[in-house]
Amino acid sequence: MLTTNYVPGTPNWLDLGAPDIDAAVSFYSAVFGWTFQSAGPDAGGYGFFQLGGKTVGAVGPLMEEGASSAWTVYFQTPDADATAKAVEQAGGAVRVAPMDVFTAGRLAAFTDPTGADFAVWQPGDMPGGGLGTVMEPNTLCWTELYTTDAARAKDFYGSVFSWAYQDMPMGSDAVYSIVSAPGGGKADDTGHGGIMQLRQENLQAGSTSEWHPYFAVTDCDATFAAATEHGATAMIPPTDAPGVGRLAMLMDPAGAPFALIKGEPTT
C-alpha cells in the first residue's frame with residue numbers, strides 16, 4: 001500500500017498534463033472536491049490539486065508537441081541522473097533530461113521499452129514528492145501499468161528500480177503482477193502498484209502502454225456517476241473484484257485515463 005514514507009522506487013508524485021487547466025480543475029473539483037493552488041507566476045500555469053489543505057497531485061499545461069492529456073506517475077529516486085542512465089541501458093528512452101525544479105528537487109521523464117511514459121523525482125527542499133496525503137478518500141491509492149509486453153516491462157523496471165513482483169493469476173491465463181520496491185517489505189503487504197498485460201482484443205483495438213492512477217473513493221458508483229455526468233468517458237463501469245473491492249476506470253473529458261476503487265475492508 002502507498003505511504004508518504006517514501007523509499008526509492010515508490011510513487012512519490014502525480015501530475016496531470018491538460019490542454020485546458022481551468023477545465024481540468026473544474027472537472028476534478030466536481031468529482032473529488034479538489035481545489036487548485038497556483039505554483040506561482042514563474043510556473044507556467046502549473047499548480048497543485050489540494051484536498052483539506054493537503055496536496056494530492058498537480059496539473060499543468062501539455063509541454064510536448066503532439067502530447068495527449070495524461071496523468072504522469074513519478075517514482076522516488078536518490079539520483080535522477082543515475083536513473084536516466086539506467087533507463088537507457090535497460091532499453092528505455094529519456095524524454096526530459098534530468099533538470100532542477102528551483103530548489104524543490106530534480107526531475108526527469110522517460111518512456112519504457114513498451115511505450116509507457118513515467119517520470120522520477122529526486123527530492124530537494126520538497127520532501128518526498130510533496131504529496132500531502134495518500135490512501136485517504138479522493139486521493140491516490142494505487143498505480144497501474146497496462147502494457148503491450150508485461151514480461152519486457154517487468155524486466156525493465158526491475159533493472160531500473162530493483163522492483164520485486166508477486167504474480168497473481170486472474171483466470172483465462174491473465175496474470176496481475178503486484179510491484180514492491182526494495183526496502184518496502186513483501187509485495188503482498190506493501191505493494192504500491194501493478195503491471196498487467198493488455199488483452200489481445202485491446203491490442204487489436206489500438207491500445208498502447210500507459211500508467212494510470214487509482215483514486216480511493218467511499219462510493220465507487222456515486223463517484224463514477226459524478227464523473228460521467230461531468231463529461232468523463234466510461235472505460236470499465238463499476239465492477240466487483242473479489243478480494244480487492246469495487247473499481248471502475250474512466251477517461252476524463254480531455255482523455256486522461258484514471259481509475260476509482262472502493263477497497264474491501266481488511267481484517
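Two strands are taken to pair if DSSP finds at least two bridges between them. Helices (H or I, at least four residues) and strands (E, at least two) are DSSP runs, numbered from the N terminus. The model is predicted: local features need pLDDT of at least 70, side-chain atom pairs count only at pLDDT 80 or more, and totals for chains, interfaces and linings use all residues. Residues are numbered from 1 along each chain as its sequence is written, and side-chain values use heavy atoms, with hydrogens and water left out.

Axes here are lines fitted to C-alpha atoms, for helices over the stretch in contact, and angles run from 0 to 180 degrees between N-to-C directions.

Strand E1 (residues 11–18) and strand E4 (residues 54–61) run parallel and are joined by four bridges. Ala-18 has Pro-61 of E4 as its bridge partner. At the other end of the strand order, E6 and E7 pair in the antiparallel sense over six bridges. Met-99 is opposite Leu-107 in E7. The two strands E6 and E7 form a hairpin with three residues between them. Phe-102, in the turn, has a positive phi of about 50°.

Asp-22 is placed in helix H1. Asp-22 is exposed, with a relative accessible area of 64%. Buried means under 20% relative accessible area, exposed over 50%, and partly exposed in between (1.4 Å probe, protein chains only). The C-alpha atoms of Asp-22 and Ser-159 are separated by 39 Å, with the two residues 137 apart along the chain.

Another open sheet of eight strands has the order E10-E11-E12-E9-E13-E16-E15-E14, again with mixed pairing. Strand E10 (164–171) and strand E14 (233–241) stand at its edges. Each has a single partner strand, so one side of each is left without a neighbour in the sheet. The twist here averages 25° from one strand to the next.

E10 and strand E11 (residues 174–180) run antiparallel, joined by seven bridges. The bridge partner of Gly-171 in E11 is Ala-174. Helix H3 (residues 150–161) packs on the sheet. H3 touches strand E9 (140–147), E10, E11, strand E12 (193–197) and strand E13 (210–216), contact meaning heavy atoms within 4.5 Å. The direction of H3 makes about 160° with that of E10.

Strand E13 is largely enclosed by the rest of the structure, because seven of its seven residues are buried. Both faces are covered. Glu-210, His-212, Tyr-214 and Ala-216 are buried on one side of E13, and Trp-211, Pro-213 and Phe-215 on the other. Six bridges join E13 to E9, and this pair runs antiparallel. Here Glu-144 stands opposite His-212. Three bridges join E13 to E16, and this pair runs parallel. Phe-215 stands opposite Leu-260 in E16.

Ala-248 is in strand E15. Ala-248 counts as buried, at 1% relative accessibility. Beyond residues up to four places away in sequence, Ala-248 touches Cys-220, Phe-224, Ile-236, Pro-237, Pro-238, Phe-258, Ala-259 and Leu-260. The C-alpha atoms of Ala-248 and Gly-115, 133 residues apart along the chain, are 24 Å from each other.

Asp-252 lies in the loop between strand E15 (245–251) and strand E16 (257–263). Asp-252 is buried yet has no salt bridge. A salt bridge is a side-chain nitrogen of Lys or Arg within 4 Å of a carboxyl oxygen of Asp or Glu. The nearest side chain of opposite charge, Arg-95, is 16 Å away. Lys and Arg count as positive and Asp and Glu as negative, while His and the chain ends are not counted. The side chain of Asp-252 does reach the backbone nitrogen of Ala-254, at 2.9 Å. Leaving aside residues up to four places away in sequence, Asp-252 touches Leu-16, Phe-27, Tyr-28, Ser-69, Ala-232 and Phe-258.

Methods:
A polar contact is a pair of N or O atoms within 3.5 Å; within protein, one must be able to donate a hydrogen and the other to accept it, and residues adjacent in sequence count only if both atoms are side-chain atoms.
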